[in-house]
Amino acid sequence: MSAFVGKYADELIRTAKYIATPGKGILAADESTGTIGKRLSSINVENTEPNRQALRELLFTTFDALPSISGVILFEETLYQKTSAGKPFVDVLADNKVIPGIKVDKGIVELAGTNGETTTQGFDSLGARCQQYYKAGARFAKWRAVLKIGPTEPSELAIQQNAQGLARYAIICQENGLVPIVEPEILTDGNHDIKKCAAVTETVLAAVYKALNDHHVLLEGTLLKPNMVTPGSDSPKVAPAVVAEYTVGALRRTVPPAVPGIVFLSGGQSEEDATLNLNAMNKLGVLKPWTLSFSFGRALQQSTIKKWSGKKENVPSAQAAFLARCKANSEATLGKYAGCAADAAASESLYVKDYKY
Amino acid sequence: MSAYCGQFHDELIANAAYIGTPGKGILAADESTGTIGKRLASINVENVEENRRDLRELLFCTPGALQYLSGVILFEETLYQKTVDGKLFVEVLKEGGVLPGIKVDKGTVELAGTNGETTTQGHDDLGKRCKKYYEAGARFAKWRAVLKISPNEPSQLSIDANANGLARYAIICQENGLVPIVEPEILVDGPHDIAKCAEVTERVLAACYKALNDHHVLLEGSLLKPNMVTPGSESKKVAPEVVAEYTVRALQRTVPAAVPAIVFLSGGQSEEEATLNLNAMNKLQGKKPWSLSFSFGRALQQSTLKAWAGKVENVEKARTAFLTRCKANSEATLGTYKGDAAGGVGVSESLHVKDYKY
């Protein structure tokens, strides 16, 4: 058998294609309890379940923003939460043609003998968990692998382990009806230039697609969530057109046309930078056989969270901020973003050194 | 460094893109002395240098044919041969807008411990040879790896050895200014169905592109020459549309968009079959970020050879046959072939020879 053709094959292909619809992208709202705690503490809000529920309700009921969103990645807790009126979040999303997704990895652990490199865990009972998530309404999943650039990194071990891990996760998802988002994030940390990032990205993506092939993953029923190709965080920035050229070049060299869509992570980029870079990619005149879109967490929520500050009376203005970012990124997927009179929050770098999710 | 960026970087990209020009394709005229001997024997012509030269002059000087070709692959002897008027073949081709190419492998040898699987040799001093060929006018090269399908084949060893061999050959070519055609041929021999061929093709191509990446090959300056995805030679044939569907899907799953063109080998297909299949692929709706064209040997020359039969009085007739096939395949690269070249003598004759040795 070349690629997996189980009972979910047609559905996986349809779902992946829908998520990759031009004009739409993904809201990554799958921050684990610990990570969302950091966001909440940055606005002096206590990390309790009702507060986590209130933030997600704020986002998911910004109804005018939902046409720009094809999918939302959720953390397990959120998959089972409801609005204050008692309606399950997954139903709110489904009513608005937004597909619920679920983060299924269980974080990273260090690889012994390396210089702080990691692999991702979460395989135990993954099949059974995916089945449960499917029953609860999820139709796609996400698993984050992390690599870094250093003098001797990423090592061959780190590349192989993470590629194998992503492939194993991907096929288990497909066996259980979930479209796997394959996320091999190469951190921006470092003083390397954009060429170095390109070289590493190409090596990593080549290894990932070899592993996916080895594991019989149905590429037409997957999505890729890579980093954009940029200079390191300690290096001078470059123009969006340059990011676009290197990023699209790297993807053209490694991502087979069978993959329907590529949904970029934003890493530590500011909301505005992430949007401008995505826009530049979609304006690039070179042939791109997959759609290029977003799967943004911080880069969609930063100014929204600041505006909210945990206060009910701020919800409308927070939702307005969220709507603005969703629309901007929707336009960026079509190469039509005209840039905004960026306010301070939108241009604030979201970079945190050696970021731990 | 991610990919080769030496002195020939831009030229490699330009030449590879040119070879992929829609409406054009490659004539594979690189039969080794032994192999061309078999062709000549089939029309009762002696295998001497003069006759080999006559055949190639017949082909390269066919009025109107070169416009349908972007490249011709040559055997080493032919690279240095001339027309009866004393003009170098490479000059004739260049003047006709055709890039000369050169076969650089030295045939296959068996892999010990396998069931007759092979790897390809020719890496020794390959760089030096490529340099010489570049000086003689060659601008692309070809290296044929061979795999087969049966219950236990292709083995992981055969896949890895051939993929690695192709990648090593490819980067050496690029270092010396030649666009490498990467040819991982999976033989059609066998009773397997088209799904099995697709599965093996996808696995082999994935291994090839991983190896090319490992060796820093500049994909934009390379070409792929794969088999079409078909049922085995002992299985029932399927319609061109089915061949097209399986073939294009296999390529979508494995060949990065950076590769400018895919130039199919014809294997044992008849001239007409090969053209119809190529045509169907170019009519297919779907994502095809590379152009799909031909690199045919037998499927461009078979009826021409028959018409010639080694006799000078048959040259015009033979050239007519050759021009017909060139035009037909040119149309097939555009998806506009109407099947009107089917009337030639021998065009529907299967060219399959079991366990074919070049």
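1. Let's start with the secondary structure of chain A: 13 helices and ten strands. Helices here are DSSP runs of H or I with at least four residues, strands are runs of E with at least two, and both are numbered from the N terminus. Keep in mind that this is a predicted model, where local features need pLDDT of at least 70, side-chain atom pairs count only at pLDDT 80 or more, and totals for chains, interfaces and linings use all residues. As for bookkeeping, residues are numbered from 1 along each chain as its sequence is written, chains are lettered from A and ligands numbered from 1 in the order in which they are written, and side-chain values use heavy atoms, leaving out hydrogens and water.

2. Along the principal axes, the C-alpha atoms of chain A fill a box of roughly 50 × 50 × 40 Å.

3. How much of chain A is buried? Of its 357 residues, 61% count as such, with buried meaning under 20% relative accessible area, exposed over 50%, and partly exposed in between (1.4 Å probe, protein chains only). Looking at contacts (heavy atoms within 4.5 Å), residues 24 or more positions apart make up 81% of those in chain A with a separation of 6 or more.

4. A:Gly37 sits in helix H2 of chain A, residues 33-41, and is buried at 12% relative accessible area. From A:Gly37 to A:Val204 you go 167 residues in sequence and 31 Å in space, C-alpha to C-alpha.

5. Over in chain B, is B:Lys142 buried or exposed? This lysine is buried, with a relative accessible area of 3%. B:Lys142 belongs to strand E6, residues 140-147. Not counting residues up to four places away in sequence, B:Lys142 touches several residues, including B:Asp30, B:Asp105, B:Tyr169 and B:Glu183.

6. B:Cys130 is in none, and the nearest cysteine sulfur, in B:Cys173, is 4.1 Å away. B:Cys130 is buried at 0% relative accessibility. For B:Cys326, the closest cysteine sulfur is that of B:Cys61 at 13 Å, too far for a bond. B:Cys326 is buried too, with a relative accessible area of 0%.

Key:
Disulfide = S-S within 2.5 Å.
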